Amino acid sequence: MALSVHRDSSNKHMDSSKYVRYTPEQVEALERVYAECPKPSSSKRQQLIRECPILANIEPKQIKVWFQNRRCREKQRKESVRLQTVNKKLTAMNKLLMEENDRLQKQVSQLVYENGYMKQQVQTASATTTDNSCESVVMSGQHQQPIPKTQHPQWDANNPAGLLAIAEETLAEFLSKATGTAVNWVQMIGMKPGPDSIGIVAVSCNCSGVAARACGLVSLEPTKVAEILKDRPSWYRDCRCLNVLSIVPTGNGGTIELMYMQTYAPTTLAAARDFWTLRYTTSLEDGSLVICERSLTSSSGGPTGPSASNFVRAEMLPSGYLIRSCEGGGSIIHIVDHVDLDVWSVPEVLRPLYESSKFLTQKLTIAALRHIRQIAQESNGEVHYGGGRQPAVLRTFSQRLCRGFNDAINGFVDDGWSLMGNDGVEDVTIAINSSPDKFFGSHYNTSMLSTFGGGILCAKASMLLQNVPPPLLVRFLREHRSEWADYGVDAYSAASLKASPYAVPCTRPVGFPSSQVILPLAQTVEHEEFLEVVRIEGHAFSPEDVALARDMYLLQLCSGVDENAIGACAQLVFAPIDESFADDALLLPSGFRVIPLDPKTGGPTATRTLDLASTLEVGSGNARLAGEDDLNNYNLRSVLTIAFQFTFENHLRDNVAAMARQYVRSVVRSVQRVAMAISPSPFTTQLGPKSLTSPPEALTLARWICRSYSFANQAGLDMLETTLVALQDIMLDKVLDEAGRKILCFEFSKIMQQGFAYLPAGICVSSMNRPVSYEQAIAWKVLDDHDSNHCLAFMFMNWSFV
């Protein structure tokens, strides 16, 4: 009997492991459960069998296997879809690379022909040259005479035939740049093509103006791509306004638009630019969409456009977008940006910025591709944001921060800005705006400003940085806010969001301690831009400062911190917000912008910061900077622009202006110390004594004493009661007492010979003038990469405050 029972259970076990054919009703019931819970627990499966009669004849183990197989099929389906998408991208990229290869072959053929022609001309010139024919020999190499531009009559806007002729000429020139060899393109370093890359990016070489070209893939249809690209203010952060003044339809189904565009100046040291252009939208025979654009000038013809004061008229040479559909969906985009920014109207120290195709590429060309890719991934649900905000809302916050910061830097008169007088030193510029409704727009609540009869004040300054990587500087400013910011000033700025914005009596920097917590909100696909909320946690020292000891919030935008992005500017922009953080919250942005200049080679790589606002002399054609001959020797240069905005009440305007001026100067000094701390070579021998006639060892010791405290670990900072930035202001002769300095001088020869020396117990002094005792110290010399003496280092053991 027992054997019979055992045999029955064995058969039952074997049957449960066999393949089970499910009925459509059973599959439907299981699919409903799978949609709610793809991986049910054992108890959940038991409950399913009890509550669903049609599954009563199926064992729990078979139910478990069904869910395992269902999850596996879902995973395989997703992988198949992913591989199909990658295959489509690779197919389109292969087509794109083949076209690029054909274009490069044409360019090589043209260069070979020109090279042969040049050789022939040189040989001819050398055979016929005489002693006084140097100029003719040089000119003989110029075999390509400049092609004279076609002089069109001044077409009226109501003359479609004349405008269409200009449009068709613009189309032909644009296509020759996008797919031909009209411009000698050089591919940018690091821009490798691939299914997930931004695209193929190139810059111009030896052409008039500056130009950039890019081609890439996006998963949007051509019509949607064209719609996004034509809305330039939505993605071009330097576009102040774009007005379409006239629309003329063409017989081929296209449109001609006459447009006026204003762009912001990136720094306070140059004027803003504006453009008067014709934009032509049409379709080619193969179905491709084309949007091309060029400036209307006296040489190109067309009607005369509007003009604005305080703007420099720039020229847009034939540029545009070629958009073609891909097999299987998506689009291939060719972008060409070609402009002449009138480089001679800016100070000479800034001309590399306006002559840089790389800067144009990052600010305009790559920005367009990135924006389209961002929209595409958001549309496909591939991007997830925190804080419960829609992607479009977060993008609007980023745009408003950039626009507000640009408005503060430029201070346009038509926005209501006017300059205040200085205090005798022109290092900081103060501008005021007493028309906040005009500045912010009617759709923002600015009643708190008008109620108190106040306005907005902006303090701004620019300076030149030497040998300081912009991404590294901005990252430091973002992560170490306490090294440069002032809690009292932050409290004053945050108070403007309250019902009584001037209730906080802090109108001067006070330096209360604070810490920050960064809360991420959003980031772009390639992580080149971050939108975040910063919570500043404040702690007051005394009971009367309790009103200031509260948490504050900043909406912050950080971009350009990728050190591999060539030509990209780095910036940190922030604005105080309240806890509600409404979608239409009033933003008053402040921050930093660091723009790299093309490097100059030769000379020492010293690190210095120069105040441009006080030493710049701008002329019509030959602007100079004091000491500029020395600046040409440095390798890495960048322009830092700082702008801080504050609200004010009319009767406190002068007080707020004095506070703002003092605060910006304090920030400038902090940034200079930060620049020295993070620079590859903080000091040079030029900073040491030059006129002394002491022995070489004494000069070396003096120089090393000046260098010694360029870095310290946390224990060293605690001993000296300072921060890493303030450490640069502490000299060794101020730390060691008289006995310690004598011992160091006595042991210096031993340090030079054997590389180190032990110092006996002694007393040193912290930055707060507190005595610190130590049982022993070790001093040793540090060598650089060339085995030359670099600096002197110290280690203090078993130290304690006396």
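This is a predicted model: local features need pLDDT of at least 70, side-chain atom pairs count only at pLDDT 80 or more; totals for chains, interfaces and linings use all residues.

**A walk through the model**

Asn310 lies in the loop that connects strand 7 (289-295) with strand 8 (311-313). Asn310 has a positive phi of about 65°, although it is not a glycine. Most residues other than glycine have a negative phi. With a relative accessibility of 53%, Asn310 counts as exposed, because the cut-off for that class is over 50%.

Glu721 sits in the loop between helix 19 (714-720) and helix 20 (732-735). Its relative accessible area is 24%, so Glu721 is classed as partly exposed. Thr722 belongs to the loop between helix 19 and helix 20 as well. Is Thr722 buried or exposed? Thr722 has a relative accessible area of 16%, and because buried means under 20%, Thr722 is buried. Leaving aside neighbours within four places in sequence, Thr722 is in contact with Leu717, Leu727, Ile730 and Ser767.

The protein contains 21 helices and 29 strands. Its accessible surface comes to about 39200 Å², and carbon and sulfur atoms account for 53% of that surface. How do contacts relate to distance along the sequence? Among contacts between residues at least 6 apart in sequence, 67% join residues at least 24 apart.

Met420 is placed in the loop between strand 12 (417-419) and strand 13 (429-433). Not counting residues up to four places away in sequence, Met420 touches Ile430, Ile432, Leu457, Arg653, Asp654 and Ala657. Leu457 is 37 residues from Met420 along the chain, and the C-alpha atoms of the two are separated by 9.6 Å.

The next topic is how helices pack. Two packed helices are described by the angle between their axes and the distance between the axes. Helix 13 (residues 470-479) and helix 17 (residues 653-678) have axes that come within 10 Å and cross at roughly 120°. Helix 13 and helix 17 are therefore oblique to each other. The crossing of helix 13 with helix 17 is right-handed. Which residues make the contact? Helix 13 contributes Leu472, Leu473, Phe476 and Leu477, while helix 17 contributes Val671, Val674 and Ile678. Sorted by class, this contact of helix 13 with helix 17 has 7 nonpolar residues, no polar ones and no charged ones.

Another pair is formed by helix 7 (residues 222-230) and helix 9 (residues 357-379), whose axes come within 11 Å and cross at roughly 130°. That angle makes helix 7 oblique to helix 9. Helix 7 and helix 9 meet in a right-handed crossing. On helix 7 the contact involves Val225, Ile228 and Leu229, and on helix 9 it involves Ala368, His371, Ile372 and Ile375. The classes in the contact of helix 7 with helix 9 are 6 nonpolar, 1 polar and no charged residues.

Technical notes. Residues are numbered from 1 along each chain as its sequence is written. Side-chain values use heavy atoms; hydrogens and water are left out. Axes are lines fitted to C-alpha atoms, for helices over the stretch in contact, and angles run from 0 to 180 degrees between N-to-C directions. Helices (H or I, at least four residues) and strands (E, at least two) are DSSP runs, numbered from the N terminus. Angles under 35 degrees count as roughly parallel, over 145 as roughly antiparallel, 65 to 115 as roughly perpendicular and the rest as oblique. A crossing is left-handed if the near helix is turned anticlockwise from the far one by less than a right angle, and right-handed if clockwise. Contact means heavy atoms within 4.5 Å. Ala, Val, Leu, Ile, Met, Phe, Trp, Tyr, Cys and Pro count as nonpolar, Asp, Glu, Lys and Arg as charged, and the others, Gly among them, as polar. Accessible areas come from the Shrake-Rupley method with a 1.4 Å probe; for residues, only the protein chains shown count as cover. Buried means under 20% relative accessible area, exposed over 50%, partly exposed in between (1.4 Å probe, protein chains only).
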